[in-house]
Amino acid sequence: MKRAILTGATGVVGTALIKELLENGIELLVLCRKDSQKNERIPDHPLIIKKYCDLSELSELQNDNGKEYDVFYHFAWAATDRLGRNNMEAQADNIKYALDAVNAAKRFGCNVFIGAGSQAEYGRADGLLGPETPCFPENGYGMAKLCAGQMTREYAHQMGMKHIWTRILSVYGPNDRENTMIMSLINKLQKNESPVLTGGEQIWDYLYSGDAARALRMLGEKGIDGKTYVIGSGQARPLREYMEKVRDVVSPGTSLEFGAIPYSEKQVMYLCADISGLKKDVGWKPAVGFSKGIQEILKSNSK
């Protein structure tokens, strides 16, 4: 891989992937919304071309820089907040945008299309989450991601491109959304507050964003056409243990109010990735421990 295209570049996974690709000398065309305040997260770098393109404009995007690209990473997705996830019209639009991204990838000469799916495609499942695990999504977001994965695979193959779909579990790291469990917990602990939490009995799989980015780069280089890869650490532990580790790094000794908040109606109680495909096909395994990842977030926030 010499050149890649990326949508959704300013989130926790996108920014980590930019860093990973630049460190490996890969040229990047970054597609971003013109009015996004997060565009400052995209570094000024000789290997980066930044082009303003909203999701609704992907269908009209043309290759006007004379370069051909190898891999198209499509991470951008609209209506991802709590209300938007069950906005069925908005989620249906996301499916169309994903198909538009496949078409754009073809116009830019890409031979690989990689889409970012979600744990939401599974709904509530027991056991390791792998490519063959039955999917029963319980909201419009998960339904649309599942459909986008299937439809972009068929469309990419019609276009003569390889297709790889990823289902990304709980990734954490710099530039994560403030309302995630980890980021909200860090923010409260830094304010010397005692966070109110659920019982923390959920069994969860967390992966540092830098590790996720490395997996995505390796998939762009060596991933197998037509396969779905679940991206996670492959190890799960009670959410309470993660919360305690965050506390121990950020504000040792602060009390955590476990059980003060009830579980949501459709609370997912078990998440753990089957990463055997990643290990076998591209030789990937996670390298950053959870506490180290929290330290990296604190370093990033202090800049």
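**Entry 1: Serine 251**

I looked up serine 251 and placed it in the loop between α6 and α7 (276-282); helices (H or I, at least four residues) and strands (E, at least two) are DSSP runs, numbered from the N terminus. I worked on a predicted model, in which local features need pLDDT of at least 70, side-chain atom pairs count only at pLDDT 80 or more, and totals for chains, interfaces and linings use all residues. Residues are numbered from 1 along each chain as its sequence is written, and side-chain values use heavy atoms, with hydrogens and water left out.

I found serine 251 buried, at a relative accessible area of 11%. Here buried means under 20% relative accessible area, exposed over 50%, and partly exposed in between (1.4 Å probe, protein chains only). I noted a polar contact of 2.5 Å between the side chains of serine 251 and threonine 254. A polar contact is a pair of N or O atoms within 3.5 Å; within protein, one must be able to donate a hydrogen and the other to accept it, and residues adjacent in sequence count only if both atoms are side-chain atoms. Leaving aside neighbours within four places in sequence, I listed Leu189, Asn192 and Val246 as contacts of serine 251, contact meaning heavy atoms within 4.5 Å. I also checked isoleucine 186, which is 65 residues from serine 251 in sequence and 8.8 Å from it in space, C-alpha to C-alpha.

**Entry 2: Helix α8**

I turned to helix α8 (residues 290-301), whose 12 residues reach 17 Å from first C-alpha to last, close to the 16 Å expected at 1.5 Å a residue. The expected span is 1.5 Å times one less than the number of residues. In α8, I recorded Phe290, Gly293, Ile294 and Ile297 as buried. Seen down the axis of α8, the buried residues fall within an arc of 100 degrees, so they line one face of the helix; the arc is that of the directions from the helix axis to the C-beta atoms. Their cover includes β7 (170-172), α4 (181-190), β9 (206-208), β11 (237-238) and α6 (239-250).

**Entry 3: The sheet**

I traced an open sheet of 7 strands in the order β3-β2-β1-β4-β5-β6-β10, with parallel pairing. β3 (48-52) and β10 (228-231) stand at the edges with a single partner strand each, so one side of each has no neighbour in the sheet. Neighbouring strands of this sheet are turned by 20 degrees against each other on average, direction ignored. Axes are lines fitted to C-alpha atoms, for helices over the stretch in contact, and angles run from 0 to 180 degrees between N-to-C directions.

I then examined individual pairs; two strands pair if DSSP finds at least two bridges between them. β4 (residues 71-74) and β5 (residues 112-118) pair in the parallel sense over 4 bridges, and histidine 74 has glycine 115 of β5 as its bridge partner. β5 and β6 pair in the parallel sense over 7 bridges, where valine 112 has lysine 162 of β6 as its bridge partner. I found β6 (residues 162-168) mostly covered, with 6 of its 7 residues buried.

The 20 residues of α2 should span 28 Å at 1.5 Å a residue, and its end C-alpha atoms are 29 Å apart, which agrees. The buried residues of α2 include Asn94, Ala98, Leu99 and Val102, and what covers its buried residues includes β4, β5 and α3. Just after α2, glycine 109 takes a positive phi of about 85 degrees.

I next looked at threonine 152 in helix α3 (residues 140-158), which is buried at a relative accessible area of 1%. Not counting residues up to four places away in sequence, threonine 152 touches Ala98, Leu99, Val102, Phe113, His163 and Trp165. A polar atom of its side chain lies 2.6 Å from the backbone oxygen of alanine 148 and one lies 3.4 Å from the backbone oxygen of glycine 149.

**Entry 4: Loop residues**

In the loop between β4 and α2 I located alanine 79 and threonine 80. Alanine 79 has a positive phi near 55 degrees, although not a glycine, and is partly exposed at 25% relative accessible area. Threonine 80 is partly exposed at 32% and, neighbours within four places aside, is in contact with Arg85 and Tyr141.
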